[in-house]
Amino acid sequence: MELASSGIKELDKLLGGPGVPRGTQILLEVETGTSPLLFVEKWLYEGLRQKDVCFFYSYDYSVDEILRKYKEFGIVPEEFLKKGKIVDFWTKGGEYVRDFSKHIITIGEPNNANRIMDVMHGIWMWYREQDQGKQSKKTLVRSATSSLSTIVMTFGFEKTYKLAKEITQVAKTENAITLDVIGTGMHNPMELKTFEFLYDAVIRLETKEINGELARYLRVFKSPILDYITKKIPYGFTKNDIVF
């Protein structure tokens, strides 16, 4: 199996190896205060390091915000900016950027939620068409969705589930890897369980108040390699990393 790192060594170990197999789809379930965006940033930055083509679907974050966050945690992507690999998908009023071969495409900005589903589907269709044509089969893809919950609130559960199912199926066919974020407090248990069935791995980020301070924990419920549930693993942040 060809493995791809999450960008976080300890998380790779918890998932059963030094990385996850290409074709793995990961669901990241999060509570408020768990800082899931840093996990997404590490995931995408590792993709850049491995020369993957990376797609980032977001309602909530612009390219400028992502770059600022990178720098706050000591990840400086100037080398990618200079090569033109970071592109704001919506800079031209929502028109498609012609060159999809750029390495990070951030999709969406506030008030553009009504179009993001078509765009997500369109990009995967574009990639499949290119893959069958001029684009090499060796080009690897990883993607991240910043909030499936926002899509559910905008379009409803049934339509969002259908979209997630299509994307995970296409991604698996293309040997791509995905990391999709969903808020645990915004869905009933049955909705969460239904989403979980679509994914090869399920990670949950939880919080607990201890002596007036917020403690953060990670738990793996499902792994593409191992079939187990971990105990709660505490995690925190240094200037430029996630530590366990």
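Modeller: What follows goes through helix contacts, then the pocket and the cavity. This is a predicted model, in which local features need pLDDT of at least 70 and side-chain atom pairs count only at pLDDT 80 or more, while totals for chains, interfaces and linings use all residues. Residues are numbered from 1 along each chain as its sequence is written, and side-chain values use heavy atoms, with hydrogens and water left out.

Biologist: At what angle do helix 6 and helix 7 pack?

Modeller: Helix 6 (residues 148-155) packs on helix 7 (residues 157-173) at about 135°, and their axes are 7 Å apart; helices here are DSSP runs of H or I with at least four residues, and strands are E runs of at least two, numbered from the N terminus. Axes are lines fitted to C-alpha atoms, for helices over the stretch in contact, and angles run from 0 to 180 degrees between N-to-C directions. The two helices are therefore oblique to each other, given that under 35 degrees counts as roughly parallel, over 145 as roughly antiparallel, 65 to 115 as roughly perpendicular and the rest as oblique.

Biologist: Which residues make that contact?

Modeller: Leu-148, Ile-151, Val-152 and Phe-155 of helix 6 meet Phe-157, Lys-159 and Thr-160 of helix 7, where contact means heavy atoms within 4.5 Å.

Biologist: And how does helix 7 cross helix 8?

Modeller: The axes of helix 7 and helix 8 (residues 189-196) come within 10 Å and cross at roughly 15°, which makes helix 7 roughly parallel to helix 8. On the helix 7 side the contact has Phe-157, Thr-160, Tyr-161 and Ala-164, and on the helix 8 side Glu-191, Thr-194 and Phe-195.

Biologist: Switching topic, what volume does the largest pocket have?

Modeller: The largest pocket has about 330 Å³, and of its 20 lining residues the closest to the centre are Val-30, Pro-36, Ser-146, Val-181 and Gly-183. Helix 2 and strand 8 (177-183) are the elements that give two or more residues to that lining.

Biologist: How many cavities of 30 Å³ or more does the search find?

Modeller: The search of the whole structure finds two, and the largest cavity holds about 70 Å³ of space. Among the residues lining the largest cavity are Leu-11, Phe-39, Trp-43 and Ile-203, while strand 3 (25-30) and helix 2 (36-49) are the elements that each give two or more residues.

Notes: On a 1 Å grid over the protein atoms alone, a cavity is a set of points where a 1.4 Å probe fits but cannot get out, and a pocket is an open set with protein on both sides within 12 Å along at least five of seven lines; lining residues have an atom within 4 Å of a point. Grid points are joined across faces, edges and corners, and a volume is the space filled by probe spheres set on the points.
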